[in-house]
Amino acid sequence: MSDTAAISSPRRRRLSAARQAGIALVVAWAALAAFGPYLAPYRAGDVVNVGVFAPMSAAHPFGTDYLGRDMLSRLLYGARYTVGVAMVATVLACMGGIALGILSAVRKGWTDSVLGRAADALISIPHLMFALVVVAAFGTSLPVLILMAAISYVPGSYRFARALALDINAMDFVEVARARGEKTAYVVWEEILPNMIVPLLTDFGLRFVFVVLLLSGLSFLGLGIQPPNADWGALVRENITGIYEAAPAVLVPAIAIAMLTISITLLIDGFSGRSRTMVR
Amino acid sequence: MALVEVSGLHVTAQGDGGAPSDIVRDIGFSIDRGEVLALIGESGSGKTTIALALLGYARRGCRIAGGTVRIGGEEVTTLSPAELSELRGRRVAYVAQSAAAAFNPSLRLMDQVTEGVRMRGLMPRAAAEAKARDIFRALALPEPDRIGARFPHQVSGGQLQRLMAAMALMTDPELVIFDEPTTALDVTTQVEVLRAFREAVRERHTTAVYVSHDLAVVAQIADRIVVLRDGAMRETGPTARILSEPADSYTKSLLAAAAPRPQQSQQQPSAAAPLLEVHGLTAGYGRIDRQGRLPIPVLRDIGLEIRAGSALGVIGESGSGKSTLARVVAGLLPAAAGTMRLDGVALAPTLEARGLEELRRIQIVFQAADTALNPAHSVERILSRPLAFYHRLSRGEQRRRVRRLLDLVKLPMALLDRLPSELSGGQKQRVNLARALAAEPALILCDEVTSSLDTVVGAAILELLAELRRELGLALMFISHDLATVRAVCDEVMILYAGQMMERGPGGVVMQAPQHPYADLLASSIPELRPGWLDGIDATRLAEARGETARPSPSDRCAFVARCPVRDKPCETEPPPLRRFTKGSDVHCHRTEQELLAQQSSRAGSAVIVPLQRLDRRA
C-alpha cells in the first residue's frame with residue numbers, strides 16, 4: 001500500500017547559499033552593533049589627526065572625517081544607532097501590526113473595519129513627511145525617533161499579518177480546532193501563529209530595511225541623531241563636502257548602509273523561498 | 001501502419017538535489033489509426049507526462065531523456081520549436097482536464113474555438129465558423145448556431161468541456177489527447193460529455209489517447225488500455241480483456257477498488273432511539289432579512305435521523321449543500337431555522353452554546369486531508385490535543401493513548417514525530433480519522449473523506465471506516481458525491497439536490513430502486529465497469545443530463561423541476577409533499593409512487609420515450 005511509501009523519505013534541511021551569506025552578514029552586523037564601541041581603536045569624539053578627509057591608511061583604515069576623527073571608530077560607534085534604533089523600532093512596529101492584524105482577522109466585523117480604516121488613513125501619509133511633522137512637533141530624541149518609525153510602519157505590518165491570518169483562519173485545521181470547542185486564544189497561539197512565523201520573519205526583515213533607510217534619511221537631513229553622536233546617515237551628511245576630494249569618509253558610511261540593507265534582503269530571499277506556499 | 005509509435009520513452013525531472021529522477025521509464029506502445037488508447041493510473045503514475053510527451057512537450061523542470069515518439073513516421077522528440085508548433089497546431093490536439101481554466105473569460109467562445117485555424121491561416125473566418133458550428137452539432141451542444149456568441153461563464157461546465165474538444169477538433173488532427181476531460185464534472189453531466197466525445201471520435205475516425213484514473217469511464221471509450229503505476233507500464237491489452245481477466249496484480253487491485261462491495265448491513269433494531277435528529281433545517285450564508293430569508297440559501301428544510309452505530313450516506317453533486325449540512329451539524333455554521341437533537345436533547349446551533357460533552361460526541365473529518373492538519377504540528381501533538389482537551393489525560397497517559405490510536409488506524413509508530421507535510425495523502429487522512437477518534441465520539445461527520453485520495457488508498461480508508469464502525473459502534477454521516485463509495489459504507493442514504501432532500505431511505509432500496517426522478521438519473525449516470533454501458537443509455541436520460549447547473553430554488557418549489565422529465569403543473573409553484581413509499585423510502589415529489597413506477601418501467605422498456613417539455617417553452 002502506498003500509505004507506507006513516505007516513511008523512509010529523508011528530511012531535508014538545506015540552506016540556500018544566499019540565505020547562508022545573509023545569515024552570516026546579519027550576525028556580523030548585530031555583533032557590530034553590540035560590540036562596536038569596544039572594537040573601535042579610538043573614541044568616537046577624539047580628534048586624532050590634523051589632516052581632515054585623510055585617505056585610507058594603516059593607522060586609519062577608513063581615513064578621517066571633516067574634523068580629523070578616525071572614521072572606523074565613528075562607524076563602529078554609529079552602528080549602535082543605525083542597527084539598534086532600527087531594530088527596536090521594527091520590533092515595536094511588527095509586534096503592534098501582528099497583534100492588531102490577528103485581532104482583525106479573528107474578530108472580523110466592526111473591529112476589522114475600524115482597524116482597517118485607521119491603517120488606511122495612516123498609510124496614506126508618506127513616511128518621511130510623517131517623520132518631519134513628528135520631529136517638528138516633539139523635537140528629536142531617541143524615544144521620539146523610535147516611536148515615530150514604529151508607528152509609521154505599523155499599518156504595513158498590520159495589513160500583511162491580517163491577510164496571512166485571514167488565510168490561515170479559513171483553513172480546515174482551524175475549523176477542526178473550533179469544532180473541537182477550542183477558545184480563541186488557543187486557536188491564535190497554537191494553530192494560526194506558528195504558521196505565520198516564516199512569512200512574518202520575511203516581512204520583519206523587509207520592514208527593518210525600510211526603517212534603516214527612513215532613519216538614515218532623517219539623519220542625513222540633520223533631524224535624526226544629533227552631534228556629537230552620529231548614525232551612518234549622519235556620518236554621510238557630516239562628511240558630504242568630502243565628496244569633492246573623494247574622501248573615504250563620505251563613501252564608507254554610505255556603503256555600510258547599502259551593505260546592511262543588501263544583506264538583510266539576501267536573508268529574506270532565503271526565507272521567502274521556503275514560505276512561497278504561504279504568501280501569495 | 002500504426003499512427004503513433006512510442007518506444008523506450010524516458011522522462012526525468014530535475015530534483016532538488018541536482019540528480020535527475022525518473023518520472024516515467026521504458027514506455028512503449030503503438031496506436032493504430034482510428035484507435036482509442038487509454039492511459040490509466042493513479043496520481044503520480046506518469047499518465048499525463050506520457051500524454052504530454054506525445055506533443056513533444058515536457059513540463060517545467062522535466063526533460064524527455066530518451067526513447068522515441070513517432071507520429072505518422074515523424075520523430076517528435078527531435079523537432080525544432082517551429083516544427084513542434086506546426087505539429088501541435090495541426091496534427092496533435094490536447095483537451096485538458098479543466099476547461100474552465102483553459103478558456104479566456106473575456107473572449108467569445110467562437111473566437112477562441114476558431115483562433116487556432118485563423119492564426120495559422122488554414123481557413124478564412126467564415127469557413128472556420130461554419131466548421132465550428134458543424135463540430136458543435138456533432139458534440140450535441142445546445143443551439144449550435146448561437147452558442148459561439150456566448151462567453152465562457154455563460155455555458156455550463158459540461159458544455160465548456162465539449163467546446164474545448166471542439167477547439168481541438170478544428171484542424172482535423174490525426175491524434176487527439178484527452179487528459180481526464182470528465183474528472184472535474186458531476187456524474188450526471190459526465191455521461192453526456194462522454195457520449196459526445198465518443199460519437200465525435202468514432203465519426204471522424206480520430207485516433208485518440210484518453211488519460212483517466214477511472215476504469216469505468218475508460219471502459220466506455222477505449223479500445224485498448226495501458227495500466228501505469230509509478231512511471232512504469234504494468235499491463236497493456238484490449239479493454240475487454242483487461243476488465244475481465246487482468247493479468248497484473250496491480251490491475252486486479254484497481255478493479256477491486258473501482259467496485260467496492262456493498263456493506264453487509266447489520267440489522268439495527270429500528271426501535272433504537274435516534275442519536276441525531278434533524279428537522280426542518282435551513283441554512284445558508286449572509287444575513288437573514290426581514291422575511292426570514294437568507295440571501296444565499298444552501299439548505300432548505302432538511303430532516304434526517306441517525307441511530308447509534310448506523311451510517312447515513314448523504315449523496316449530492318457539487319453545490320448540493322452536502323458539506324454545508326456537515327458544517328451545520330458540527331456547529332461551524334449556525335442554522336437559520338430548524339432543530340437538531342442529540343440523544344433526544346436539543347443541540348444548540350452555535351459552537352459557543354454547546355457543552356464540552358456535546359462537542360466531544362460529534363467530530364468532523366474533512367475532505368482535504370492536508371489542509372485539515374496544522375502543518376506546524378507533529379502527528380503526536382495533533383493526536384494529543386483532543387485527549388488533553390476532552391479527557392484531561394496526563395502526559396504519560398496521552399502518550400499511551402496516541403500509540404493506541406495510531407494502531408487503530410493502522411499507522412506505524414515511526415510517524416509520531418513527523419510533520420503532516422512528510423506524510424502521504426492516505427496517511428494524512430488516517431491521522432485525521434485518529435484525531436476524531438481520540439475524542440471517543442458517538443458520531444463522525446465524514447465530508448468526502450476519500451475524494452482527494454487515489455482509488456486504492458481510498459478503498460483502504462473505507463475498509464478502515466467499516467472496521468471502526470463494527471468495533472467501536474460509531475455512527476457515521478458519510479458525505480460523498482460518489483454512489484459506489486456510499487454503497488460500500490452506509491445502511492441509510494439521503495440524496496440532496498441543490499439544497500433540497502429528494503429521497504431518503506434504506507441504502508439497498510435507494511440504490512437499487514431509486515424512485516425520485518433525480519435519484520434515478522443519478523443512479524443511472526454512474527459508469528459501470530463494462531464496455532457498452534454508455535450505449536445502453538437512452539435519449540431521454542441524455543436529455544435530462546443536459547440540464548443546466550443545479551441552483552438552489554428561490555422558493556419552496558422543487559429545485560430539480562427544470563431538468564425533471566415527469567414534472568407536472570404543480571411542480572412549478574407548489575413545494576413537493578414528502579411521500580412514504582412502500583419499500584420504505586421517503587420521497588419529495590408531486591408524483592405518486594404508482595406514477596413514478598409507471599414512468600420508470602416505460603423507460604426500462606425504452607419503447608416509449610417520455611417527451612421532455614422544457615420549462616421555458618411552456619411558460
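**Pairing and contacts in chain B**

Tutor: Strand β1 (residues 4–14) of chain B pairs with β2(B) in the antiparallel sense, over 8 bridges. Keep in mind that this is a predicted model.

Student: What makes β1 of chain B and β2(B) count as paired?

Tutor: Pairing takes at least two bridges between the strands. Here there are 8 bridges, so β1 and β2(B) count as paired. One of the contacts in β2(B) is Ser21(B), the bridge partner of Ala13(B).

Student: Which strands make up the sheet, and in what order?

Tutor: It's an open sheet of 4 strands, ordered β2-β1-β4-β5 (chain B), with antiparallel pairing.

Student: Why are β2 and β5 of chain B said to stand at the edges?

Tutor: β2 (20–31) and β5 (74–75) each have a single partner strand, so one side of each has no neighbour in the sheet.

Student: How do you know that domain 1 and domain 2 of chain B touch?

Tutor: Contact means C-beta atoms within 7 Å. By that cut-off, 6 residues of domain 1 are in contact with 6 residues of domain 2, so the two domains of chain B do touch. On the domain 1 side, those residues are 1 nonpolar, 3 polar and 2 charged. The domain centres, taken over C-alpha atoms, are 38 Å apart.

Student: And what touches chain A?

Tutor: 26 residues of chain B are in contact with 19 residues of chain A. On the chain B side, α12 (356–361), α13 (379–391), α15 (425–438) and α16 (455–472) supply at least two residues each.

Student: How do the residues on that side of chain B divide by class?

Tutor: They come to 19 nonpolar, 6 polar and 1 charged.

Notes:
Residues numbered from 1 in each chain as written. Chains lettered and ligands numbered in written order. Predicted model: local features only at pLDDT ≥ 70, side-chain atom pairs only at ≥ 80, totals over all residues. Domains from an automatic or database assignment. Nonpolar A, V, L, I, M, F, W, Y, C, P; charged D, E, K, R; others polar.
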